[in-house]
Amino acid sequence: DADADADADADADTTLLPSRRDAMSSILSAAALGLSSGGVVLLGVPSPASAGVGAVAPFDSARKELYPGAIKASVASLRITSALRWINTSETRRKANMAYARPWTTIVGGYKSTDDSTLMEDTLAGIVGKEYGGSIALGTGANGAPVDLGGDLTKLAAQLPEKAKGGDGNLVVVYGPHVGISKEGKLGEVEVERDAPSAVSEYASSAGGDDRAVIAATKAAFKSARDKAEGQVPSAGEIRDLGVGELTLVGGITINRAKFGKDKGEDWFYPLSAKTYMADGTVLDKYEGAFGDLGIPNKDRN
């Protein structure tokens, strides 16, 4: 309800998470310290693979069946940054978008649902923020929709470095609902703590556990979040007043995965919208360039 949304907005975490550049500097410093003291530092060592080589995990089987076209959050991040970095000038030609030539001039915000247990740094917004100047969790209701987009954009713009506040900065905002799939492949549930009951999605509760009803509920929640987000997009003049050159909204459904044990893994993303609003009034649909090849039905997006 409105009071819950307002409370969630008031409690929004405005901590700017570090960019990949800052994180890498810390890792390299730790490595140098370890080597100088005769220690051995292992970087990027993968965890042991799950047992049953070649076996398809129930999570993956359910995801492919229920949300075909969904991709890992890290893959979605790569696609988003690539789509922003390039402008298609024809069917066969493109040019670099110089607005993103300096990664630190872009700040990312994420509407993270109040009952989503994923750490902000591991959400799609957090991962995209590592490629740019950092990310901030924005206050939201249960369906990942903005309560006050204009106010949140002001918070994001305030995090831009001074050199990027004269129209050279960019804002990227990720929104949309989330739903879990358990390690057994059960839609609407996900393991978040060891020795604790699985978290159950509000969509699963309201749908009585019927998979098709849960899917329909999450897609309806996305469309509601999209209408709220796009309905609050500021005018071109207001975007300029923020000191921003481009505002991009990326919407979809986050699919949560177990947070512990051999079945844990990163969340997945079912992308449904990507639009850029420019300070000169131009609106660019970035969806085809970022996600158009995934085969997601138009009926899910419209």
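Reader: What should I know about the source and the numbering?
Author: This is a predicted model, where local features need pLDDT of at least 70, side-chain atom pairs count only at pLDDT 80 or more, and totals for chains, interfaces and linings use all residues. Residues are numbered from 1 along each chain as its sequence is written, and side-chain values use heavy atoms, with hydrogens and water left out.

Reader: How many helices and strands in the chain?
Author: Eleven helices and twelve strands. Helices (H or I, at least four residues) and strands (E, at least two) are DSSP runs, numbered from the N terminus.

Reader: And what share of the chain is buried?
Author: 44% of the 302 residues. Buried means under 20% relative accessible area, exposed over 50%, and partly exposed in between, with a 1.4 Å probe and protein chains only.

Reader: What about contacts between residues at least 6 apart in sequence?
Author: Of those, 71% join residues at least 24 apart. Contact means heavy atoms within 4.5 Å.

Reader: Now the helix pair. How do α4 and α5 cross?
Author: The axes of α4 (residues 73-85) and α5 (residues 124-131) come within 9 Å and cross at roughly 50°. That makes the two helices oblique. Axes are lines fitted to C-alpha atoms, for helices over the stretch in contact, and angles run from 0 to 180 degrees between N-to-C directions. Under 35 degrees counts as roughly parallel, over 145 as roughly antiparallel, 65 to 115 as roughly perpendicular, and the rest as oblique.

Reader: Which residues meet there?
Author: From α4, Ala73, Ser74, Ala76, Ser77, Ile80 and Thr81. From α5, Leu124, Ile127, Val128 and Glu131. They divide into six nonpolar, three polar and one charged. Here Ala, Val, Leu, Ile, Met, Phe, Trp, Tyr, Cys and Pro count as nonpolar, Asp, Glu, Lys and Arg as charged, and the others, Gly among them, as polar.

Reader: Why call α5 largely enclosed?
Author: Because six of its eight residues are buried. Those are Leu124, Ala125, Gly126, Ile127, Val128 and Gly129. Their cover includes α4, β4 (106-111), β5 (135-138), β6 (169-175) and β11 (268-278).

Reader: You mentioned β5. Where does leucine 138 sit, buried or exposed?
Author: Leucine 138 lies in strand β5. It is buried, at 4% relative accessible area. Its C-alpha is 9.2 Å from that of serine 113, 25 residues away along the chain.

Reader: Switching to the core. Which residues have the most contacts inside the largest nonpolar core?
Author: Tyr67, Leu171 and Phe291, in a core of 64 residues. A nonpolar core is a set of buried Ala, Val, Leu, Ile, Met, Phe, Trp, Tyr and Cys residues joined through side-chain atoms within 4.5 Å.

Reader: What does tyrosine 67 touch?
Author: Leaving out residues up to four places away in sequence, its partners include Val179, Leu187, Ile253, Ile255 and Tyr270.

Reader: And Leu171, which threonine touches that?
Author: Threonine 248 does, and its contacts also include Leu84, Tyr100 and Lys275. Threonine 248 is in strand β10 (residues 244-256). It is buried, at 1%.

Reader: Where is phenylalanine 59?
Author: In helix α3 (residues 58-66). Phenylalanine 59 is buried, at 2% relative accessibility. Among its contacts are Ile181, Lys183, Arg257 and Trp268. Glycine 180 is 121 residues away in sequence but 9.5 Å away in space, C-alpha to C-alpha.

Reader: Now aspartate 280. Buried or exposed?
Author: Exposed, at 57% relative accessibility. Aspartate 280 is in the loop between β11 and β12 (283-285). Not counting residues up to four places away in sequence, aspartate 280 touches Ala236 and Arg240.

Reader: Last one. Where is glycine 292?
Author: In the loop between α10 (287-291) and α11 (298-301). Glycine 292 is partly exposed, at 31%.
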